[in-house]
Amino acid sequence: MITVFERPKALTAVKTHYCPGCTHGIIHRLVAEVIDELGVQEETIGVSPVGCAVLAYNYFDVDMQEAAHGRAPAVATGIKRVHPDKVVFTYQGDGDLASIGTAEIVHAAARSEKITTIFVNNATYGMTGGQMAPTTLVGQVSTTSPRGRDSAIQGYPIRVSEMLATIEGAVYIARVSVHNPQEVAKAKKAIKTAFELQIAGRGFTLVEILSTCPTNWGYSPKDALKWLVDNMIPIYPLGVKKTLEEGKS
Amino acid sequence: MAKVLMKGNEALGEAAIRAGCRYFFGYPITPQNEIPQYLAKRLPEVGGVFLQAESEIAAINMVYGAAGSGARVMTSSSSPGISLKQEGITYIAGAELPCVIVNMQRGGPGLGSIQPAQSDYFQAVKGGGHGDYKLLVLAPATIQEMVDMMGKAFDLADEYRNPVMILGDGILGQMMEGVEFPAEETALTLAEKPWATTGAKGRKPNLINSLFLDPVELEQHNHHLQRKYDRMAKEVLWENYRTDDAEVVLVGYGSSARIAKAAVDLARAHGIKAGLFRPITLFPFPKAALQEACKQANHVLTVEMSMGQLVEDVRYNLEFKVPVHFYGRSGGMVPTTRAVLEEIIRWAHSGEEDKA
Amino acid sequence: MLKVEFDEDRCKGCELCTDACPKNIVIMAEHFNAMGFHPATVVEQEKCISCGFCARMCPDVVITVRKEEKK
């Protein structure tokens with residue numbers, strides 16, 4: 001018997017605090033698998049800002065820094081500038097990156113900081129109980145858009161990947177999902193590409209990963225995945241938005 | 001080393017280099033722009049990194065990342081910029097990271113003005129961010145002292161794993177004075193930082209963090225921090241000027257202290273026994289030395305470029321045993337020696353000689 | 001050694017693995033685990049093709065997958 005699937009070394013054995021069916025867990029594992037496969041566990045420094053995934057520092061078995069809400073790309077810039085030979089990634093939610101942290105992510109990309117951002121988009125603020133985020137869909141109910149997001153009042157969702165793809169310093173931007181095993185494989189490939197481009201010193205890379213929030217969406221984990229496919233993907237189309245090698249998916 | 005005529009901001013930048021600082025993250029704001037401008041040239045020359053961030057908020061968080069990675073790192077700004085950095089500063093204090101933060105104060109509140117002021121005293125000394133934390137605050141009054149303080153600031157930051165603030169003002173930043181630097185690249189023995197994030201090779205992963213969701217843990221952390229702040233008491237610095245027999249003791253720091261010193265001399269020429277007590281560390285506050293300097297004073301007068309902030313701490317630290325008065329200009333206006341002299345004369349001849 | 005093994009006390013009963021299995025052999029157990037969830041499990045081990053899809057979809061690294069070594 002040979003083992004074909006087990007917990008990656010870069011992931012601690014600590015049971016996560018995430019809600020049942022929350023896909024943060026899958027995404028953490030993919031990042032850890034990529035770190036293992038690239039053999040960089042001892043070279044990697046991660047940054048986890050405020051959000052459900054702030055406690056990622058208990059789950060990634062690498063040097064970590066906890067950052068203020070929205071400021072992970074700046075913290076990561078400080079780290080990478082001191083240790084240009086290390087692998088530096090931020091793991092951020094949409095409330096963190098697309099709201100309070102927009103300046104930091106835009107300028108990290110503009111400076112082409114050689115860091116990788118794992119951007120988890122679940123169209124809500126999970127940790128604080130399901131408030132509306134900049135990525136909340138029009139019509140989507142949240143605790144701060146109780147009658148559904150009304151574009152006349154609260155505007156429209158921000159497509160971060162498309163936005164960042166216009167920035168020259170961004171060398172790889174992809175939006176992926178983890179709603180079934182095939183997409184999980186694609187997501188891992190994108191994350192690996194992003195890390196590889198960082199290690200090759202090419203510049204700023206970001207992978208946006210559509211993710212579920214069963215608890216705050218009010219769905220079972222399986223129905224949440226279904227809601228993601230039916231509602232989020234049309235607004236947030238999957239695919240590579242920016243890459244150096246043309247035609248490389 | 002020969003003396004060099006240099007602008008305060010630039011001298012500060014050079015001193016940082018001599019202190020082994022190799023990382024600067026900042027943002028433009030008058031009257032401290034010469035610091036980033038100077039370091040933009042100098043840091044690359046010594047293999048360092050200068051980076052102008054998109055905001056002061058980003059800059060202080062870059063400092064957090066770099067400090068957490070074990071580097072000697074600094075930032076500089078002026079009043080409004082320092083206000084923007086407050087959240088980052090309390091994170092740095094909470095995560096116990098060493099760094100140096102320079103504030104060249106300017107007129108406030110709000111957008112205020114670009115002329116010098118000292119109206120950020122409370123923010124610097126009481127903490128402008130949330131939570132119980134302290135910065136070690138150094139208040140130079142000359143460009144030479146600023147240069148000397150820079151080296152000290154990085155050593156103190158490393159020793160206490162705490163942010164250290166150099167509290168200057170527009171005058172100190174903009175004026176030029178002769179200054180002597182420590183020898184180029186004195187072999188600096190930088191502190192070991194086994195706690196830093198350098199890549200977990202051959203050790204357990206390190207964590208830079210200020211989050212303690214368990215209140216029991218956070219309370220213990222707070223007590224740990226307070227013990228550290230108590231230990232800082234040994235770092236107190238001050239200057240006494242003609243206070244031995246002074247009946248009117250002036251108290252001031254930074255540029256105000258220089259004006260007060262001149263007023264003391266004028267008062268002495270008028271036959272009034274005046275003196276100046278100048279705190280150089282604002283935290284830890286030199287309480288014992290202040291009490292010693294004022295033991296025979298009938299009146300104490302603080303001279304500030306604010307509407308009165310240091311005066312509260314002087315009253316508090318003198319335990320209200322002697323009347324403490326305030327004279328100040330604000331908004332970027334600078335007290336004149338003559339005006340301070342008139343205050344000294346007024347209090348020296350006021351009828352309240354007998355202590356209350 | 002089992003082809004697909006569930007560390008039951010890590011499972012939060014989210015059931016994402018049940019949909020992922022191409023052989024539809026991943027089911028939720030009747031009993032409760034330490035956290036009070038019905039843990040996922042596979043009874044018909046012989047039908048497992050060691051594809052690992054269940055493990056891919058598991059947010060809590062509950063599942064270890066093994067394969068017969070080809071002689």
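In the predicted model, the contact between the two chains draws on 31 residues of chain A and 35 residues of chain B. About 2500 Å² is buried between chain A and chain B, and carbon and sulfur atoms account for 57% of this area. On the side of chain A, the residues that lose the most area to chain B are A:Glu42, A:Asp63 and A:Glu66, which together make up 23% of what that side buries.

Polar and charged interactions were also examined across the interface. Between chain A and chain B, 16 residue pairs are in polar contact, with both residues at pLDDT 80 or more. Four salt bridges are found across the interface of chain A and chain B. In a salt bridge between A:Glu43 and B:Lys201, the side chains meet at 3.2 Å, N to O.

Several secondary structure elements of chain A contribute to the side that touches chain B: strand 3 (63-67), helix 2 (72-82) and helix 4 (102-110) each supply at least two residues. Helix 2 of chain A gives the most, with seven residues. By residue class, the side of chain A that touches chain B comprises 14 nonpolar, six polar and 11 charged residues.

Strand pairing also links the chains. Strand 3 of chain A and strand 9 of chain B (residues 207-208) run parallel and are joined by two bridges. Within this pairing, A:Met64 has B:Leu207 of strand 9 as its bridge partner.

Methods
Residues numbered from 1 in each chain as written. Chains lettered and ligands numbered in written order. Predicted model: local features only at pLDDT ≥ 70, side-chain atom pairs only at ≥ 80, totals over all residues. Heavy atoms only, no water. Contact = heavy atoms within 4.5 Å. Buried area = accessible area lost by both parts, 1.4 Å probe. Polar contact = N/O pair within 3.5 Å; in protein donor to acceptor, adjacent residues only side chain to side chain. Helix = DSSP H or I, 4+ residues; strand = E, 2+ residues; numbered from the N terminus. Nonpolar A, V, L, I, M, F, W, Y, C, P; charged D, E, K, R; others polar. Pairing = 2+ DSSP bridges.
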